Amino acid sequence: MTVLTLHDFELEIDVGDGIRYPVAVLRSPAGAARAVMDFPFSREMLAAELAAIEQVLLGGASPGDGEQVQRFGAALFDALIQGD
């Protein structure tokens, strides 16, 4: 049996230029850190992703489309949580 332990942390994402965003971990069990996140989507890609997610949330998509929502979230997570 795997036991998952969750820890709280406080994250700040500052105003960026649409591509790069300063981020900071203000409080966490591992300490503080600062970095710059590269946003993983172009404007066109983001518009397409959000339109597809809207379809899923409104129930107009097929059951397997929930995976698209997970991939979108994973891409954001991977862009944000990296390195230190």
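Mentor: Start with Glu12, which stands opposite Ala24 in strand 2. Strands here are DSSP runs of E, at least two residues, and helices are runs of H or I, at least four residues, both numbered from the N terminus. One caution: this is a predicted model, where local features need pLDDT of at least 70, side-chain atom pairs count only at pLDDT 80 or more, and totals for chains, interfaces and linings use all residues. Residues are numbered from 1 along each chain as its sequence is written, and side-chain values use heavy atoms, with hydrogens and water left out.

Trainee: Over how many bridges do strand 1 and strand 2 pair?
Mentor: Over 4 bridges, in the antiparallel sense; strand 2 is residues 20-27. Two strands count as paired if DSSP finds at least two bridges between them.

Trainee: And in what order do the strands form the sheet?
Mentor: The order is 1-2-3, with 3 strands in an open, antiparallel sheet. Strand 1 (10-13) and strand 3 (33-38) are the edges, each pairing on one side only.

Trainee: What packs on the sheet?
Mentor: Helix 2, residues 66-80, which touches strand 1, strand 2 and strand 3. Contact means heavy atoms within 4.5 Å. The direction of helix 2 makes about 135 degrees with that of strand 3. Axes are lines fitted to C-alpha atoms, for helices over the stretch in contact, and angles run from 0 to 180 degrees between N-to-C directions.

Trainee: Switching to charges. How many salt bridges does the count come to?
Mentor: 2 salt bridges, taking a side-chain nitrogen of Lys or Arg within 4 Å of a carboxyl oxygen of Asp or Glu. Arg27 forms one with Glu10, the closest N and O atoms being 3.6 Å apart. That pair links Arg27 in strand 2 to Glu10 in strand 1, 17 residues apart.

Trainee: How far apart are N and O for Arg20 and Asp38?
Mentor: 2.7 Å, in a salt bridge between their side chains. Arg20 is in strand 2 and Asp38 in strand 3, so the pair ties together parts 18 residues apart in sequence.

Trainee: Last one, is Pro29 buried or exposed?
Mentor: Exposed, at 60% relative accessible area. Buried means under 20%, exposed over 50%, partly exposed in between (1.4 Å probe, protein chains only). Pro29 lies in the loop between strand 2 and strand 3.

Trainee: What does Pro29 touch?
Mentor: His7 and Asp8, not counting residues up to four places away in sequence. The C-alpha atoms of Pro29 and Phe9 are separated by 7.3 Å. Phe9 is partly exposed, at 47%.
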